[in-house]
Amino acid sequence: MKPDAPALDDFHSPSLTPAVRGGGTDLRAWATWSSDLFWETDAEHRLVRIVGVGGESQAHVGWLGLLVWELPGTQLDAAGHTALQTAFERREPLRALELPRHLPDGTQQWLVMSGAAVYNEAGHWVCYRGVLRDCTSLKKARQAHEQQQQLTRTLVQRVPGLVFQLRRSVSGWYTMPFASNALQELFEVDPDDAKVDAGLLFAKLLPVDFLQCREAMERSATQLTPLVLNYRVRLSDGQVNWHAINALPYRDSDGGTVWHGFTTDITDRVLSDEQLQRAHEQLRARTNLMEVQLGSLSQGVMMIADDGRVTYYNQRLLELLDVPDSVLARQPTLVQLVDWQYAQGHFGPGVDRTQLTTWGDYSDEKRLTFPPQYVRTSHQGRTLEVKTQVLDDGGWVRTFADVSDYFQARQALERSELHFRALFDAIPDRVWLKNTEGVYILCNPSGAEGYHRTPEEVLGCTEAELSPPEMLASYEGTDRRALQSQEPVMYEQSLPLAPGEGMGMFDVVKRAVFDRNGQAIGVLGIARNVTERKRAEEQIERLAFFDPLTGLCNRRLFHDRLAQAQAASTRHGQWAAVCFIDLDNFKDLNDTQGHDQGDLLLKQVGERLQAAVRVQDTVARIGGDEFVLLLEELGPQEDQAALYANTVGQKLLETLTEPYPLGRGPHHNTPSIGITLFREHHERVEDILKRADLAMYQSKSAGRNTVRFFDPHMQEVVQRRSELERDLREALANDELSLYSQAVVNVLGQTTGHEALLRWRHPQRGMVSPAEFIPVAEQTGLILAIGDWVMRAACRHLALWARAPAKAEWTLAVNLSARQLRQPDFVETVQAVLAETGANPHLLKLELTESLLLHDVEDTIRKMDQLADLGIRFSLDDFGTGYSSLSYLKRLPLSVLKIDQSFVRDLLTDPNDAAIARTILQLAESLDLKVVAEGVETEGQMQLLQVMGCEAFQGYLFGRPAPM
C-alpha cells in the first residue's frame, strides 16, 4: 500500500522549524516557474510528493510511495544502487546523481537527482527534499560532443599527412604544441621533442629549401598570409622526400605567431609529374615515329571510329585492297567501303553478302561486329589475313597482312610433315620424344611395339603407365641423366620385342632437346635392335676365347685369366694354384673307338670339371686331352693353400674316374693331375703352366691316376696330411678316440663340473695332438662323425654320474664345431642323443667359440634358443680372442663366459691382461652371466681373479685332463 501523501499545509506543523514550515508554501511557489521536478520523501525514504511545472505533477503520481532507486525503468548498476541507498541512510546530501532510465517507448532518459536531509527545530531528521532534473538532452549533447571530439582526433591522426600547430615566439623560437602521429614518419622526430624545439624539423630540410622556407614563413608571419610551400627533407637513410605545407597564421595574445595547417608527402606526385612530363614527350616522339612506321609497314592498317568511319589508313592498305586514295580520303563508313568493293567485284564471284556478314564487314542492321581474325583471298589473288582489335574509345584497328607466302609455306610444310611422318613411321629403329615431365609426345610404330601398343595409345602416357615396375627405375634414371647432361647418354639395355618374341638387346641413345633459350624441353630417344649383332659377337667371342668342343675357356683366355689372378694375389696376399689335368690313355680311345667317341669323352670331362669347382674358379681346355684349372683365394698360408688344392685334386680324381657313358657302353678313364702354387706377380704365365705340366708328368711317372705337386715340400705336406686323414678315418672305425675331462671348481676349490676333451692314441705314433687332427677333421667333414661320437660319449657319462650322489650335480661341457651347428638336423640329433642316453639336459653345456658367431648368426641363435628350451646351457669359450658383436652377444642364450688362458697366463705381470680379465668380468656381470677362468696354474692367479669377482676356475692348479 502506498502511504497517503501529506498536503503542503502539513509543513506548518509546530514541530517543524520555521524554515521547514514555510517549505510547502515555497515549494508551491517554485513549482510555478521551475522546469525541474521537486521531490520529498518520508522517514522510510519513500517518495510522498512530486511537484512539477504549475503545481502537483500528475504525470509522476505513479512514483509516489516508491523508493528512489525503485523508480520505473531505472538502470542503476549495483555500485550506483548501493551509493544511493547508503547516502539516504547516512543522511548525506545528494549532488547531481545520475539516474539512467529506460522509458516504455524504448528511448533512454537521464535524470539528475540532487537533495538534502530536512531537520526540525529539535534537530531531528524529518525527510529528504530535492530536485529531479531531466538532463537527457544535455547528456545526448555531451555524448555527441565527445563523439565529435573523438572523431576529430581519429581523423587528425589518420589524415594522410601531418596535422600540426606551429608557434613562433616574439623572440623567434619555434615550438610545435600539437602534431599528429605522422611527424615521426615524415621527419623522424619525436612529437614530444618537437613540442620543445621545432627547429629539429628545419634541420631535416635541404639547405636550399631551408632558406626558401625561412623567407616564406617570415612573409606569412609579417603579413598573416597563408603559408603554402613545397620543400625537400633528407631522412637518416639518405632518402630525399618532397613535402607540401599549407597553413594559416594568426597573431597570439603575446605577439607571437601561430600556424595551423597540415603537411603531406608529395614525393610520388612530384615523381609522377616528372614521369608524366617525360611520358608526354615520349608520346609525342612515339606518335611521330608510329606515323612513320605505319607508313612503312608491310601490313595495311585501317583505324575505324566508334561511328564506323575510317579515320586513318596507310599506303600499304591502298595497295593490298586496290582502293583509290580518293575513296578513303572522304572517310567513308566501313559499310560504305565494303559496298564500293562489292560493286567493284573485289570479293570475287564466289562471295556474297552473307559471307561478308560472317566476316563482320557488313550486316543488314549496319552494325559492325568484327571477328578478331579471318583469312580471305583478294581479287588480285593475294591471301589476306585480317585482324581486328577493339580500342578503349569504342573504335577499332583493322590490319590486312599479305600471308600468301606463309600459306604457301604452310602447305609445303604440311606436305613435308606427311613425308616426315611416312619416313618416321618407316624407321625400323625405335624413336620417341618425351617432354620434361616424362610424357610421350612422339613415338613411331617400332617404339610403340616395345610396349605392345599402337603409337596413338602411347602418346600422352608416362613410363609408369606403360612399363613393368622392375624396369621403371632404369628408364626414368636414364631420362634424368640425359636432361642433366649436354652430351648424349648411350648404353645397352634388354628390352621387350614384339608380342611373343621375348626380350632383345638394344643400343639406346638418349639426348636432351633444347629450345632457343637453351632450356631443356624434352628427351629424344633412339633404340636400335642389336640382338642379332650381339649373338654374332658372342659367337665370335666364343670362337676366339672358348673351346668349340667343350665350351670351356681356351688357352688364350686362360692365359688372360691367369695374369689377372697373379695381379689379384699380389694385391691381396692370397695364394692361388693351377691344376694341370691330362687324361690317361686317351689316344687308345681315339684309335679304337674313333674320334667321335673321344670328343664325347672330352665333353663329359669338361662338364664334370665345371661341376666340381667353385663359381669363381676357371676351367679351360688348352689342347687335345689337356685341361687346366685355376684356383684363386686359397688364403695367406702356403700350407693351407696346398691342402685345399690337394683336396680339390682328390675330388677331381674321384669325379673323373667314374665311368663315362659312351656309345659302346661304360668307359673307364683316369686322369693324371699336377698342381703348382703361386703368389705375387714375379714370374711369367708360361712358367706357371710349365711347372704345373711338370707336376702332371710326375703324376704319370708315379703310376698315373694320382695328384702331384711341383714343390717337393708341398708334396710332403700334402702326403702327410693325406695319411693323417686316412688314419683318422681308421681311428673312428677302430675306436681309437677317447674322452678326457678337466675339472671346473668354485672359489672353495669344490668341483662343480668338467669339460670333455677329445684325445686320439695312434697305434704307431702314440698320442696325436688335437691341434693337429681337429683341423683335418674340420676340412674333410670327419668332424661331424667325431662330434656325434663325442656327444654320445659325454651324455653316457652324465647318465652314469647321475647314479653317484657325489657327482649327480656335476655339469659336463662339450665343445661344438661350426660344421656341427650348421647341420640342418643338429637340434633333432641332440634331442635323440639325450633320449637315447637318458642324460639330464640341464647338466649338459655346449661350448661355442667366437668364430661360430661370424656366419649366419640368426640361424645360430634360432638353434641355440631351441636347445635352451630343452634345458641345455651354453658357454662362450676363449672369450676375448676373436670377434664378438655385443648386439648379438646379448641375444644369445648364454650362461657362461670363459676367459681364455692367454689372458690368465700373464695376469700377475701384464697390466693389459689384468685389465682385459677385469673388463670381461664386468661385462659378464652386466649381462648376468657366470665366468670361468681357464688356464689357472698358480694360487696368485686364483686370488687375483677372486678379487676381480671371478667365481669358477679351470686349470692345472686343480688338476690335469684325465680319462673319464
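Which residue stands opposite Leu-846 in β33? That would be Val-814. Keep in mind that we're looking at a predicted model here.

## Around strand β33

Strand β33 covers residues 844-849, and five of its six residues are buried, so the rest of the structure largely encloses it. On one side, β33 runs parallel to strand β32 (residues 811-815), with four bridges joining the pair. Strand β34 (residues 873-879) also runs parallel to β33, this time through five bridges.

## The nonpolar cores

The largest nonpolar core counts 68 residues, and Leu-844, Leu-846 and Leu-894 make the most contacts inside it. Its top contributor is helix α27 (residues 782-801), which puts in 10 residues. Apart from this core lies another one, made of 33 residues, including Leu-589, Leu-602, Ile-675 and Phe-709.

Back to Leu-894: setting aside neighbours within four places in sequence, Leu-894 touches Met-864, Phe-874, Ser-875, Leu-876, Leu-889 and Leu-929.

## Ser-298, out on a loop

Now for a residue in a loop: Ser-298 sits between α9 (267-296) and β12 (300-304).

Leaving out neighbours within four places in sequence, Ser-298 is in contact with Arg-316 and Leu-320. Phe-400 is 102 residues away from Ser-298 in sequence, yet their C-alpha atoms are 9.1 Å apart in space.

Technical notes
Residues are numbered from 1 along each chain as its sequence is written. This is a predicted model: local features need pLDDT of at least 70, side-chain atom pairs count only at pLDDT 80 or more; totals for chains, interfaces and linings use all residues. Side-chain values use heavy atoms; hydrogens and water are left out. A nonpolar core is a set of buried Ala, Val, Leu, Ile, Met, Phe, Trp, Tyr and Cys residues joined through side-chain atoms within 4.5 Å. Buried means under 20% relative accessible area, exposed over 50%, partly exposed in between (1.4 Å probe, protein chains only). Helices (H or I, at least four residues) and strands (E, at least two) are DSSP runs, numbered from the N terminus. Contact means heavy atoms within 4.5 Å. Two strands pair if DSSP finds at least two bridges between them.
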